[in-house]
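The following paragraphs are intended to be read beside the sequence and the three-dimensional view.

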Amino acid sequence: MKFYIHTFGCQMNASDSEHIAGMLLASGMTASPIPEESDLIIVNTCAVREKSEEKLYSLLGRLESLKKDKGTIVGIVGCVAQLHRSKLWDKKPSLDFIIGPDNYGKIPKILPNLPSEKVLFTDWSSDWTDQPIQQIERDSKVCAYITIMEGCNNFCAYCVVPFTRGREKYRPIPSIKDEAEDLASRGYKEIQLLGQNVNSYTDPETGKNFAALLKEINNIGNIEWIRFITSHPKNFTDEIAFVMKESNKVCHQLHLPIQSGSSSVLQRMNRGYTREDYLEKIDLLREMMPDIHLSTDIIVGFPDETQAEFQETLGLLADVRYSNIFSFRYSPRPLTAAAKKEDNVALVEKKNRLIQVQSLQKKIQLEKNKSFIGQTQKILCTGISRKDPHVYAGRNAGYQVVNFTSPNDVRNRFVWVKIHSCGPYSLFGEVKEFSSRNN
Ligand code: 5AD
Ligand code: SF4
């Protein structure tokens with residue numbers, strides 16, 4: 001039997017799909033990149049914005065004909081599965097299974113009974129459950145995700161995640177270290193510690209915090225770059241900043257979502273910090289690590305967001321000058337506190353605010369990127385550029401995309417690249433020196 005997995009959403013979903021693929025391979029199935037040739041199609045879903053759900057329903061519509069013609073088994077996993085549970089069958093009666101994020105370990109066991117039996121698994125488990133690390137089918141040979149926690153206790157007013165991923169659960173440090181050591185022994189160079197709220201990590205066995213975990217991971221030989229996502233400004237401490245500065249492997253790069261530059265909006269969003277608190281942390285980070293690359297998430301058009309409040313977001317972007325941002329129009333999500341309020345910023349106004357955010361940021365990024373021209377940077381080459389097969393693609397320590405030319409195939413290696421030009425979203429250069437895969 002062949003399977004195909006389609007993944008929507010964040011790194012957490014990408015990582016979960018790698019775990020699911022590993023389990024299916026271990027149960028004797030083979031992976032296929034082509035849905036039409038597969039006997040089983042799994043769609044890993046994202047519920048964070050309405051748009052991602054809409055994309056899912058149109059994909060499921062397209063898959064229905066495959067099911068009719070070939071009897072393909074189609075099931076969904078992930079956040080939409082957990083959010084809507086059996087109600088999804090009212091919308092898509094042909095779905096064979098609906099499985100939430102806490103139940104992926106059961107997937108191989110249900111396979112023999114499909115499609116004669118419809119399956120729904122959306123119960124929560126309160127403790128961390130380890131999956132065998134040798135079963136993960138990773139997309140990359142050099143960069144790997146390691147999940148350190150699941151769920152979120154914050155209940156930001158706009159966010160559906162606490163309802164789709166449940167309360168916070170932490171993975172014990174020895175289990176995290178085992179996975180990191182296994183990756184190091186197989187030649188992996190970069191690891192990304194994953195969780196919805198990594199800064200609140202607490203080892204269930206010793207009570208050690210995230211800063212302590214980072215220090216321990218920094219000691220694992222052969223791993224050269226360590227990153228983590230997602231941080232929360234409320235839980236990001238001076239101690240974590242200090243460990244980032246002192247640890248030679250933790251990249252000087254941080255994604256610190258602010259969501260809005262206005263303290264009154266932040267309060268309505270239930271974020272637990274003010275604009276001033278946030279800016280203080282940014283100042284400290286830059287003082288400790290002048291070369292740090294910062295990125296953030298912005299939501300425009302949250303209920304009752306005034307022109308003046310929105311201007312504060314633009315002002316903050318101009319002050320902080322992030323290396324990268326992800327910006328979204330507010331979209332009401334089921335079960336959230338904000339969904340009870342009127343979604344009263346008109347769609348045209350939301351679109352207009354988003355354009356203003358994105359065009360200001362584009363200008364800032366272009367200016368910042370120009371300052372890197374002439375530098376020679378260490379790049380981890382992850383593949384070939386999507387636009388040009390003769391151009392290699394990778395990222396620098398700051399997590400910026402760098403496209404470059406090279407006389408040799410340097411995929412999955414560190415290289416030194418001289419930057420000769422740039423756009424707002426990437427840097428361009430040529431390789432100066434490359435090192436052996438296991439240096
Ligand atoms: N509407 C718009 N954007 C949202 N995000 C989360 N929930 C919503 C929503 N209801 C954004 C936040 C978060 C990112 C992952 O998605 O900016 O940080
Ligand atoms: Fe959602 Fe807030 Fe938790 Fe992030 S911290 S997952 S935005 S509730």
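This is a predicted model: local features need pLDDT of at least 70, side-chain atom pairs count only at pLDDT 80 or more; totals for chains, interfaces and linings use all residues.

A polar contact is a pair of N or O atoms within 3.5 Å. A backbone N or O atom of Ser331 lies 2.7 Å from a nitrogen atom of ligand 1. Another nitrogen contact of ligand 1 involves Tyr158, whose backbone N or O atom lies at 3.0 Å. The side chain of Asp297 also takes part, with an N or O atom 2.6 Å from an oxygen atom of the ligand. On its own, ligand 1 has 400 Å² of accessible area, and the protein covers 86% of this. Two elements, strand E13 (293–300) and strand E14 (324–329), each give two or more residues to the shell around ligand 1. The surrounding residues include Val48, Arg49, Gln259, Ile299, Phe328 and Arg333. By class, this shell has five nonpolar, two polar and four charged residues.

Ligand 2 has its own surroundings. Among the residues around ligand 2 are Cys152, Cys156, Cys159, His232 and Arg271. Tyr158, described above as a contact of ligand 1, also belongs to the shell of ligand 2. The shell around ligand 2 divides into seven nonpolar residues, two polar residues and one charged residue.

The chain as a whole may be considered next. It is divided into domain 1 (2–121), domain 2 (136–369) and domain 3 (376–434). Taken over C-alpha atoms, the centres of domain 1 and domain 2 are 28 Å apart. Domain 1 brings 22 residues to the contact between them, and domain 2 brings 25 residues. The size of an interface is often given as the accessible area lost when the parts come together. Between domain 1 and domain 2, the buried area is about 2,100 Å², with 57% given by carbon and sulfur atoms. Of the area that domain 1 buries against domain 2, Gln11, Met12 and Glu18 supply 32%, more than any other three residues.

Finally, two details of the backbone deserve attention. Most residues other than glycine have a negative phi, and most peptide bonds are trans. Arg85, however, has a positive phi, near 45°; this residue lies in the loop between helix H3 (79–84) and helix H4 (88–91). The peptide bond from Ile229 to Thr230 is cis, and its omega is near 10°. Thr230 is placed in the loop that runs between strand E11 (225–229) and helix H9 (238–246).

Key:
Residues are numbered from 1 along each chain as its sequence is written. Chains are lettered from A and ligands numbered from 1 in the order in which they are written. Side-chain values use heavy atoms; hydrogens and water are left out. A residue is near a molecule or strand if one of its heavy atoms lies within 4 Å of it. A polar contact is a pair of N or O atoms within 3.5 Å; within protein, one must be able to donate a hydrogen and the other to accept it, and residues adjacent in sequence count only if both atoms are side-chain atoms. Accessible areas come from the Shrake-Rupley method with a 1.4 Å probe; for residues, only the protein chains shown count as cover. Helices (H or I, at least four residues) and strands (E, at least two) are DSSP runs, numbered from the N terminus. Ala, Val, Leu, Ile, Met, Phe, Trp, Tyr, Cys and Pro count as nonpolar, Asp, Glu, Lys and Arg as charged, and the others, Gly among them, as polar. Domain bounds come from an automatic or database domain assignment. Contact means heavy atoms within 4.5 Å. Buried area is the accessible area (1.4 Å probe) that two parts lose on being put together, summed over both.
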